[in-house]
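Hi there,

Here is the structure I promised to pass on to you. Have a look through it first, and then read my notes below.

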Amino acid sequence: MRIDILTLFPEMFGPFLSTSIPKRAAEKGLVEYQLTNFRDFATDAHLSVDDKPFGGGPGMIMMCQTVFDAVAAAEMQGPQDPHPRMATRILLSPQGQKFDQAMAQQFATQERLLLIAGRYEGFDQRIVEGLQPSEVSIGDYVLSGGELAAMVVIDAVVRLLPGALGAEDGAADETFADGLLEHPQYTRPREYRGMSVPDVLLSGNHAAIAAWRLEQRKKRTAERRPDLWSAYQDRQKK
Ligand code: 9D3
């Protein structure tokens, strides 16, 4: 997979891409990352990438030309084979569809992703019309720009690429895919500040441990995530 990241702050991505899973996946040849700065496509003396909104209002808007030109340049790069030229384009935006694991799985099947992270109050609507990106939000809170959202998407997608995780981690992700929250977990010591580990976990009775864990997962999910709990119950009925 090739992942293009278009941003005004490429330096925000360095530590993320050179750490942990994203780095290991690149070292294994599963993914390559390419950063593009919108500023490099500015044509006026001030290197503008934004302008005031027509009709008035606060803040500034990402302008068409630098975004269109940066996308065209990124998609021109990279070998034609095995990468198709046009990427699956993802525009990070508070107006987007809420990102979830199903969306991550769908993106993980693509040869080529291109993430557009903006600053300021938003994008000129013709960017959305002309480039036809998937618009993605990571949740209902206000960030200062799309960069952290892009990193969230990349992290969730790259760990799904076959071979990106160790065998153990991969199996753990499968378990979460059943839609229940995790059970409580404990490690040494058996007692800490007067708090002890539930006896069943020390019993060596694997059937009893599995039953306890499933009960805990259901209880937690019902208490904390009525949305996930309803969906789980609906699936059990079928
Ligand atoms: C004044 C109205 N604001 C919308 C609530 C404008 C605005 C705020 C923050 C416009 C852009 C941004 C920057 N945010 C993102 O680019 C962003 C984002 C987010 O803020 N929350 C969750 N997901 C995302 S994806 C991109």
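**What I found**

Leu-148 is part of helix 6, which covers residues 147-158. Please keep in mind that this is a predicted model.

Is Leu-148 buried, partly exposed or exposed? Its relative accessibility is 48%, so Leu-148 counts as partly exposed, since that class runs between the 20% and 50% cut-offs. Together with Tyr-141 and Leu-143, Leu-148 makes a nonpolar surface patch of about 300 Å².

- A polar backbone atom of Leu-143 sits 2.8 Å from an oxygen atom of the ligand.
- A polar backbone atom of Gly-146 is 3.3 Å from an oxygen atom of the ligand.
- For Ser-137, a polar side-chain atom lies 3.4 Å from a nitrogen atom of the ligand.

On its own, the ligand would expose 570 Å², and the protein buries 74% of that.

Now for the inside of the protein. The largest nonpolar core has 32 residues, and Ile-3, Phe-99 and Phe-107 touch the most other members. Several elements give two or more residues to this core, including strand 1 (2-7), helix 2 (20-27), strand 5 (88-98), helix 4 (101-108) and helix 6. Which element gives the most? That is helix 6, with 8 residues.

Enjoy exploring!

Technical notes. Residues are numbered from 1 along each chain as its sequence is written. This is a predicted model: local features need pLDDT of at least 70, side-chain atom pairs count only at pLDDT 80 or more; totals for chains, interfaces and linings use all residues. Side-chain values use heavy atoms; hydrogens and water are left out. Patches are made of residues with over 30% relative accessible area and no salt bridge: like charges are joined within 9 Å, nonpolar side chains (Val, Leu, Ile, Met, Phe, Trp, Tyr) within 5 Å. Accessible areas come from the Shrake-Rupley method with a 1.4 Å probe; for residues, only the protein chains shown count as cover. A salt bridge is a side-chain nitrogen of Lys or Arg within 4 Å of a carboxyl oxygen of Asp or Glu. Helices (H or I, at least four residues) and strands (E, at least two) are DSSP runs, numbered from the N terminus. Buried means under 20% relative accessible area, exposed over 50%, partly exposed in between (1.4 Å probe, protein chains only). A polar contact is a pair of N or O atoms within 3.5 Å; within protein, one must be able to donate a hydrogen and the other to accept it, and residues adjacent in sequence count only if both atoms are side-chain atoms. A nonpolar core is a set of buried Ala, Val, Leu, Ile, Met, Phe, Trp, Tyr and Cys residues joined through side-chain atoms within 4.5 Å.
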